[in-house]
Amino acid sequence: AQKITQTQPGMFVQEKEAVTLDCTYDTSDQSYGLFWYKQPSSGEMIFLIYQGSYDEQNATEGRYSLNFQKARKSANLVISASQLGDSAMYFCAMSSLDSNYQLIWGAGTKLIIKP
Amino acid sequence: EAGVTQSPTHLIKTRGQQVTLRCSPISGHTSVYWYQQALGLGLQFLLWYDEGEERNRGNFPPRFSGRQFPNYSSELNVNALELEDSALYLCASSLRIQETQYFGPGTRLLVL
């Protein structure tokens, strides 16, 4: 069965520090996609970064990078030089043929950046 | 390029009433997805439409229904509202199946 696990319900991080949000996944598919989304208190779900299972390089988008360790089935999000505006819920999600390409969501991590 | 739009932004209804939520996808996107997010919880998949057809449905009762129009916009209808239907309803669109989903700002529904 497809599953996404985010083990950190909440995190406090000092402004300007780097932060790593954990995500592990479970799938029997060989081809799958991993996504990270940010949800501020306004409610909108903002797409951050994508990693395909066959991508050899870790994905990067500005201050966001994805630490993809396929053998360990982990896809951690790294935010460099955190800013106050990074305070939000962060969700990890996966899609694959086995899920009919529906996104399987983790429970989320609430990140609070301290000034 | 305009993002996914949803209307209305907020809605207050009473138990037993019916509600219609609307979503316009990003131009060129043919797939539209609906999610429910109750307060403090994760996203629950509701419905997926692609090319005017319902492709998949989450574990929700039949009083949740919808449709997709020829211009790929979509409506979500909820009949016989219950208190537990109070939630943020998010719509997303993607260019094709398995492509990245981009979300709208959501509609906050409160059922009294």
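Q: How far apart are the mean positions of the positive and negative charges of chain A?
A: This is a predicted model. Chain A carries 9 positive and 11 negative charges.

Q: How many helices and strands does chain A have?
A: Read from the N terminus, the elements of chain A run β-β-β-β-β-β-β-β-β-β-β-β. The count for chain A is therefore zero helices and twelve strands.

Q: Does the radius of gyration of chain A agree or disagree with that of a compact globule?
A: The C-alpha trace of chain A spans about 40 × 30 × 20 Å along its principal axes. For 115 residues, a compact globule would have a radius of gyration near 13 Å. Chain A has 14 Å, so the two values agree.

Q: What is the radius of gyration of chain B?
A: Chain B has zero helices and eleven strands. The globule rule gives 13 Å for its 112 residues, and chain B comes close to that, so it is as compact as a globular protein of that length. Its radius of gyration is 13 Å.

Q: What percentage of the residues of chain B count as buried?
A: Chain B exposes about 5400 Å², with 50% of it supplied by carbon and sulfur atoms. A residue counts as buried when its relative accessible area is under 20%. Of the 112 residues of chain B, the buried part is 48%.

Q: Which percentage of the contacts in chain A between residues at least 6 apart join residues at least 24 apart?
A: The contacts considered are those in chain A with a sequence separation of at least 6. Within that set, the part joining residues at least 24 apart is 55%.

Q: Is A:Ser53 buried or exposed?
A: A:Ser53 sits in the loop between strand E6 (46–52) and strand E7 (60–61) of chain A. Its relative accessible area is 3%. The cut-off for burial is under 20%. A:Ser53 is therefore buried.

Q: Which residue has the backbone oxygen that the side chain of A:Ser53 reaches?
A: Leaving out residues up to four places away in sequence, A:Ser53 touches A:Gln30, A:Ser31, A:Tyr32, A:Phe68 and A:Lys70. The side chain of A:Ser53 reaches a backbone oxygen at 3.0 Å, and that oxygen belongs to A:Gln30.

Conventions. Residues numbered from 1 in each chain as written. Chains lettered and ligands numbered in written order. Predicted model: local features only at pLDDT ≥ 70, side-chain atom pairs only at ≥ 80, totals over all residues. Heavy atoms only, no water. Helix = DSSP H or I, 4+ residues; strand = E, 2+ residues; numbered from the N terminus. Rg over C-alpha atoms; globule rule 2.2 N^0.38 Å. Contact = heavy atoms within 4.5 Å. Lys, Arg positive; Asp, Glu negative; His and termini not counted. Charge placed at Lys NZ, Arg CZ, Asp CG, Glu CD. Buried < 20%, exposed > 50% of the residue type's maximum accessible area, 1.4 Å probe, protein only. Polar contact = N/O pair within 3.5 Å; in protein donor to acceptor, adjacent residues only side chain to side chain. Areas by Shrake-Rupley, 256 points an atom, 1.4 Å probe, with all protein chains shown as cover.
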